[in-house]
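Please read these notes with the model open beside you. They begin with what joins the two chains.

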Amino acid sequence: MTDVKTIEIQVLRYRPEQENEPVWQSYSVPYTEDMSVLQGLQHIKDDIDGTLSFRWSCRMAICGSCGMMVNGKPHLSCQTFLRDLLPGPVRIEALAHFPIERDLVVSVDKFVEKLESIKPYIIPKEARELAQGEYLQTPAQLEQFEQFASCINCMLCYSACPQFGLDPDFIGPGVLALLHRYNADSRDGGSKERMEIINAQEGVWSCTAVGYCSEVCPKHVDPANAVNQNKMNSAKDYFLRFLSPKGAAK
Amino acid sequence: MSSNTSARRPYVRSMRGWWRRDRFFMVYMARELTAFAVLLYSVVLMVGVVRLSQGEAAWNGWLAALRSPWSVLVHLVFLLSMAVHAKSWFEIMPKTMPAMFIGGKRVAALTITRAGWAVTVLASIALLALACWGQS
């Protein structure tokens, strides 16, 4: 048997009932080649310190629960491997730009409110009877929104967005990408209802095209593209109202 | 549970010095900073246009000012800043436009970035050629 290899994992702890501000705590964790950062944290919780709090669920980059800052960059901890972070120490912190609720758990209340506000569902262009059959789509029409439909709401893009950090009211990359996902869907007729959100100060115009959101996205959604396409849509909406006063959104 | 009995006390981290936190942010800030060089250079050119409208002596004075060592140095800084600015914008360019399709296939981001550079190089050569032709 070989010696057990260990790696140092430093976690930014915050327990509101005992600390006024977060503090770093260090753990020595035995690891194997196939261990993810999430498994490292699970080892800490199971065998070293049961008070450590963090979110996780699927362990395979589908659920979007386990996002955190790993060595200062936003990652899903389930698909980030300890072997790639040798020799350590590995520094783990709650997702940047979000208020810390406890340890690695952030407040998502505002994110969920924003998500609801964009009506993230298809608002049919025309009411159809069941007998009329399904809505058909060509591959080209699918391609217009497919990548944006891959979002898993992991919020890594928010941690990569300094504009969101500076102004937490900014709708932000992920939700705007989902907004675009529905607007760009040929079956959807709700883009007028969503225009007010796009046009607002907290809408697309808060984006300064940093572009890091698209770099960190684990699903290649490219939210920066969705946001910036909608700057064009917003500008068109603004100028076209002078041509057709009745046709434009508020 | 009403809010006054909640044990929640969310901690908001400071954004101070955020742009030093990640190399990506520093590159972004370089783009924002070099925009000022682009602005200043356009002011220099505008001054040239104004001096041209004021007659030959004014115009020659402006040309002479451009040849001073300080001016050459500043223009080198402008050129470098412009290159950094252009590089950064061409990298972000594919993210700012709707998906393009040629022959049913989506144009890759790298192709769009390279097309930007190709146009820049061609335009620069054309401008230099025009300037040289004007000299002769």
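1. In this predicted model, 20 residue pairs are in polar contact across the interface of chain B and chain A, both residues being at pLDDT 80 or more. A polar contact is a pair of N or O atoms within 3.5 Å; within protein, one must be able to donate a hydrogen and the other to accept it, and residues adjacent in sequence count only if both atoms are side-chain atoms.

2. On the side of chain B that touches chain A, α1(B) gives the most, with four residues. Helices here are DSSP runs (H or I, at least four residues), and strands are E runs of at least two, numbered from the N terminus.

3. Five salt bridges are counted between chain B and chain A. The term means a side-chain nitrogen of Lys or Arg within 4 Å of a carboxyl oxygen of Asp or Glu. One of them joins Asp222(A) and Lys95(B), at 4.0 Å from N to O.

4. Chain B and chain A bury about 2700 Å² between them, 50% of it on carbon and sulfur atoms. This is the accessible area (1.4 Å probe) lost when the two parts are put together, summed over both. Tyr11(B), Arg13(B) and Lys95(B) supply 27% of the area that chain B buries against chain A, more than any other three residues.

5. Residues are numbered from 1 along each chain as written, and chains are lettered from A and ligands numbered from 1 in written order. Local features need pLDDT of at least 70, side-chain atom pairs need 80 or more, totals for chains, interfaces and linings use all residues, and side-chain values use heavy atoms, without hydrogens and water.
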